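Please walk me through this model in the viewer, one selection at a time. Tell me what to select next and what is found there.

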Amino acid sequence: MMLGSLLVKDYMVGDHLAFSPNTDLLKAVHLLLKRGLSGAPVVDENQRLVGFLSEKDCLKAALDASYFRRDEGTVEDFMSRDVTSISASASLIDAIELFLSKNYRSLPVVEGSRLIGQLSRHDILKGLEKVRRDER
């Protein structure tokens with residue numbers, strides 16, 4: 001198997017969860033838990049990537065709410081704006097190297113600035129296992 005010839009677009013999940021900045025935070029937490037996700041991208045009305053909401057961001061929100069006795073707020077209040085994304089045409093090696101160098105569990109997949117999918121460490125391992133099986 002030539003890892004370099006495998007592309008992100010062949011392993012990403014196209015039907016992914018994404019939030020709008022004004023999504024209620026509690027609703028966002030509920031959707032992440034329901035889908036078993038560690039986080040999800042945040043997009044504007046044109047599907048452009050504007051942020052990412054992780055479990056860590058949600059924990060920060062819970063802590064802030066308990067300290068300041070206020071409502072949790074919206075996704076925009078707690079999302080990370082400095083988002084690392086990966087191009088759909090990038091090689092799987094690039095994605096794996098990114099996962100190894102950073103603490104990410106998943107990456108938004110973009111075409112230009114538009115979100116088209118999401119890639120997780122789990123998706124890559126599942127895909128590689130399938131490739132191995134198919135080779136036998």
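The tour below goes from confidence to strands, then to single residues and salt bridges.

**Before selecting anything**

This is a predicted model, in which local features need pLDDT of at least 70 and side-chain atom pairs count only at pLDDT 80 or more, while totals for chains, interfaces and linings use all residues. Residues are numbered from 1 along each chain as its sequence is written, and side-chain values use heavy atoms, with hydrogens and water left out.

Colour by pLDDT, the predictor's confidence in each residue, from 0 to 100. The protein has a mean of 89, and 93% of its residues reach 70 or more. Among the elements, helix α2 (residues 55–68) has the lowest mean pLDDT, 80, and β3 the highest, 96. Helices (H or I, at least four residues) and strands (E, at least two) are DSSP runs, numbered from the N terminus.

**Stop 1**

Select 39–43 for β1 and 49–54 for β2. The two strands pair in the antiparallel sense over five bridges; strands count as paired if DSSP finds at least two bridges between them. Val 43 stands opposite Leu 49 in β2. Five of the five residues of β1 are buried, so β1 is largely enclosed by the rest of the structure. Here buried means under 20% relative accessible area, exposed over 50%, and partly exposed in between, with a 1.4 Å probe and protein chains only.

Now move to the turn, where five residues lie between the strands. Gln 47 has a phi near 65°, a positive value in a residue other than glycine. Gln 47 is partly exposed, at 33% relative accessible area. Asp 44, in the loop between β1 and β2, counts as buried at 14% relative accessibility. A polar atom of the Asp 44 side chain lies 2.9 Å from the backbone nitrogen of Asn 46.

**Stop 1: the sheet β3-β4-β5**

Select 86–87, 106–111 and 114–120 next. These three strands form an open sheet in the order β3-β4-β5, with mixed pairing. β3 and β5 stand at the edges, each with a single partner strand, so one side of each is left without a neighbour in the sheet.

- β3 and β4 pair in the parallel sense over two bridges. Ile 86 stands opposite Val 109, and Ser 87 opposite Val 110.
- β4 and β5 pair in the antiparallel sense over six bridges. Glu 111 stands opposite Arg 114 in β5.
- The hairpin of β4 and β5 has two residues between the strands, and Gly 112 there takes a positive phi near 70°.

β4 is mostly covered, with five of its six residues buried.

**Stop 3**

Select 121–135, which is helix α5, and centre on Asp 123. A polar atom of the Asp 123 side chain lies 2.9 Å from the backbone nitrogen of Ser 120. Not counting residues up to four places away in sequence, Asp 123 touches Tyr 11, Val 13 and Gln 118; contact means heavy atoms within 4.5 Å.

Then select Ile 124, also in helix α5. Ile 124 is buried, with a relative accessible area of 4%. Beyond its neighbours within four places in sequence, Ile 124 is in contact with Leu 92, Ala 95, Ile 96, Phe 99 and Leu 119.

**Stop 4**

A salt bridge is a side-chain nitrogen of Lys or Arg within 4 Å of a carboxyl oxygen of Asp or Glu. By this rule the count comes to five. Show side chains for these pairs in helix α5:

- Arg 133 and Glu 129 meet at 3.6 Å, N to O. They are four residues apart in helix α5, separated by about one helical turn. Glu 129 is partly exposed at 49%.
- Lys 130 and Asp 134 have their closest N and O atoms 2.7 Å apart. Lys 130 is partly exposed at 44%, whereas Asp 134 counts as exposed at 53%.
- Arg 132 and Glu 135 have their closest N and O atoms 3.3 Å apart. They are three residues apart in helix α5, about one turn of the helix.

Notes: Polar contact = N/O pair within 3.5 Å; in protein donor to acceptor, adjacent residues only side chain to side chain.
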